[in-house]
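Reader: I would like a close look at one residue in this model and at the parts of the fold around it. Please give the cut-offs for the terms as you go.

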Amino acid sequence: GNSDQFFKMHARIALGGRAHYGLLIGRQWVGIWPCKAGTRSCHLASSPSQPSLLILDGGTGRELKKIGAPFRQPEWSALALLEGPEYVTRVHRAYVMAGADIITTNSYAIVPFHLGEATFAARGAELAALSGRLARAVVDGEGENECTAAAVTGSSSSESPLSRPTAATTSTETKKKTKVLVAGSLPPICGSYRAEWFNPDFARPILSTLVGALHPYVDLWLAETLSCIDEARLAHEVVAKQERGSGGRRTTPLWLSFTLHDDNKVCLPEPSLRSGEAVAEAVRVATEELDAEAVLFNCSQPEVMGEAVTVASRVIGGGGRRGCVRIGVYANAFPPQGDNEAQANSSLLEIRRDLDPEGYLNKFAREWRVAGASVIGGCCGIGPEHIEALRRGL
């Protein structure tokens, strides 16, 4: 970077007579880990500063189209729920077999924008519940899924699965039984990428329908592709109300995922959401006001993600919540688009050829991990083959 605010340095340092690996962001050391004994390389061990890695799944819509599912505009991925739910099961299973620790419900397109107001009013809750049941059935049907690397483990107590200890295998060749989690996708109700369209009074009852229908099936909430901070506030409000209505305080973790300004024709002074609001402020609100257990960045070009992760690491560390809040990334594979022209799922955009599985892993995902990301997956155009590469290479 060109300022103290975004400067990053990775260093090998001596501490207590032993070699360590350090990550410096700006003027603050945000993590120091011991080097692996007997080697010149350093090991990013699980620690309060660097939680062990969770692999998120990839995009759903394009995978449905790829395997021949019913698919057209304007219904997008919701059409498979209406006409071919078995295809949704196949996509979930493909991601589990690729090594995902978390699969996401196919509920992103269950909104009036895609279904139409009449269909949503008549069948929105039914389709959202179906999306939850399909994901849950894959996870429960697989039982203790055989995957590699990071695992979510723990007892069968009532605590959140994400609050349990994590463990990482020492080799990607070592198989470990792991519990796969279901994330309930909560989409931007008023339209993707368009912060200026957000209307909380319109969005609230629609989001409440989704949350109420998905609630029995999910391990965590993933409010995603949030273009502005107010969308995150509404997700928190609706989820909290649902869980209070279920007889207690919120126990299902809330993850908030923001989509970033990635229009290379317009330069902003710092990493920002598509609304123009600063990433630093979004992370602060998410963690300090909305009690998010993870802050993620999704559905933006991978080139802009690393700097956002760096800012998030600095803000979370400065607030004293390092180790309590995960940072995540799942980028899309779209070519550059202007913020005022972009709208996710409005058309089937061309996918970048340079973002094959190895390119996504080596050019971007490794950097995100070093910068502090502990949840990594993919969005539009990132498929099971990419997730397999992440599982193997991270």
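Author: Thr259 is buried, at a relative accessible area of 0% (buried is under 20%, exposed over 50%, partly exposed in between, with a 1.4 Å probe and protein chains only). The model is predicted, so local features need pLDDT of at least 70 and side-chain atom pairs pLDDT 80 or more, while totals for chains, interfaces and linings use all residues. Residues are numbered from 1 along each chain as its sequence is written, and side-chain values use heavy atoms, without hydrogens or water.

Thr259 sits in the loop that runs between β12 and α8 (279–289) (DSSP runs numbered from the N terminus: helices are H or I of at least four residues, strands E of at least two). Phe297 is 38 residues away along the chain, yet its C-alpha atom is 5.7 Å from that of Thr259.

β12 (residues 254–258) runs parallel to β13 (residues 294–298), and four bridges join the two. In this pair, Trp255 faces Ala294 of β13. Both strands belong to an open, parallel sheet of eight, ordered β4-β15-β14-β13-β12-β11-β10-β5 (strands pair if DSSP finds at least two bridges between them). At the edges are β4 (54–55) and β5 (102–104), each pairing on one side only.

Within that order, β11 is largely enclosed by the rest of the structure, because seven of its seven residues are buried. β11 pairs in parallel with β10 (residues 181–186) over four bridges, and Gly184 stands opposite Trp221 of β11.

α9 (residues 305–318) lies across β13 and β14 (326–331), at about 170° to β14 (axes are fitted to C-alpha atoms, for helices over the stretch in contact, and angles run from 0 to 180 degrees between N-to-C directions). α10 (residues 357–371) lies across β14 and β15 (375–378), at about 155° to β15.

β11 (220–226) and α1 (61–66) each give at least two residues to the lining of the largest cavity (a set of points on a 1 Å grid where a 1.4 Å probe fits but cannot get out, lined by residues with an atom within 4 Å of a point). Its 24 lining residues include Gly59, Thr60, Gly61, Tyr108 and Cys379, which lie nearest the centre.

Terms used
1 Å grid on protein atoms, 1.4 Å probe; cavity = no way out; pocket = protein on both sides within 12 Å on 5 of 7 lines; lining within 4 Å. Contact = heavy atoms within 4.5 Å.
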